[in-house]
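Let's take a slow walk through a protein model together. Keep the picture open beside you and look for each part as we get to it.

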Amino acid sequence: MRSLRAFVLGAVALGLLAYVAAAVVAFAAQADGRALDVSLGPLVFVAVVPNGSTTSATFGGGLALVALVGGAANLAAAALIRRRRPPGDRLD
């Protein structure tokens, strides 16, 4: 159960951070009226496309991948910390 909690907390934290960062960048691009495409190959993180007098912003699946990587990193860090503790020292 601790492993699942560590994964979920890391995924939520990094996913929220990535979404807020992408929203700030998209808002800045929309305010300036510029096009923006942040992607890694076919994996899109955020895209802003101006169409005449309107602008559309798209948040892609890359943000979900960032959240999964954050969860996996938090899970690995929690496992490392758990292994380094002395056997009698428990935090339940």
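Predicted model: local features only at pLDDT ≥ 70, side-chain atom pairs only at ≥ 80, totals over all residues.

We'll start with the overall layout, go on to the strands, and then look at some side chains.

Residues are numbered from 1 along each chain as its sequence is written, and side-chain values use heavy atoms, with hydrogens and water left out.

What is the protein built from? Its secondary structure comes to two helices and three strands. Here, helices (H or I, at least four residues) and strands (E, at least two) are DSSP runs, numbered from the N terminus.

Now zoom out for the overall size. The C-alpha atoms fill a box of roughly 65 × 25 × 20 Å, taken along the principal axes. The radius of gyration is 18 Å, while a compact globule of 92 residues would have one near 12 Å. That radius is taken over C-alpha atoms, and the globule rule is 2.2 Å times the number of residues to the power 0.38. As for burial, 21% of the 92 residues are buried. Buried means under 20% relative accessible area, exposed means over 50%, and partly exposed is in between (1.4 Å probe, protein chains only).

Next, find the strands. Strand β1 (residues 36–40) runs antiparallel to strand β2 (residues 43–51), and five bridges join them. Two strands count as paired if DSSP finds at least two bridges between them.

Time for some side chains. Which residues form a nonpolar patch on the surface? They are L16, Y19, V20, V24 and F59, with about 460 Å² of accessible area together. Patches are made of residues with over 30% relative accessible area and no salt bridge: like charges are joined within 9 Å, nonpolar side chains (Val, Leu, Ile, Met, Phe, Trp, Tyr) within 5 Å. The areas come from the Shrake-Rupley method with a 1.4 Å probe, and for residues only the protein chains shown count as cover. Helix α1 (residues 2–32) gives the patch its largest share, four residues, whereas F59 lies in strand β3.

A pair of aromatic rings is described by the distance of the centres and the angle of the planes. Rings of Phe, Tyr and Trp (its six-membered ring) pair if their centres lie within 6.5 Å; planes under 30 degrees apart count as stacked, over 60 as edge-to-face and the rest as tilted. The count by this rule is one aromatic pair. Y19 and F59 form this tilted pair, at 5.1 Å centre to centre with 50 degrees between the planes. The pair links distant parts of the chain, with Y19 in helix α1 and F59 in strand β3, 40 residues apart. Y19 counts as partly exposed because its relative accessibility is 42%, and F59 does so because its value is 33%.

What about charges? Side chains of opposite charge can pair when their charged atoms come close. A salt bridge is a side-chain nitrogen of Lys or Arg within 4 Å of a carboxyl oxygen of Asp or Glu, and a search of the whole structure finds one. In it, the side chains of D32 and R34 meet at 2.5 Å, N to O. D32 is partly exposed, with a relative accessible area of 48%, while R34, at 55%, counts as exposed.

A29 sits in helix α1 and is buried because its relative accessible area is 10%. A29 and V49 are 20 residues apart in sequence and 9.1 Å apart in space, C-alpha to C-alpha. In helix α2 (residues 62–84) you'll find A78, which counts as buried at 19% relative accessibility. A79 lies in helix α2 too, but is partly exposed at 21%. The C-alpha atoms of A79 and A6 are separated by 9.1 Å, though these residues are 73 apart along the chain.
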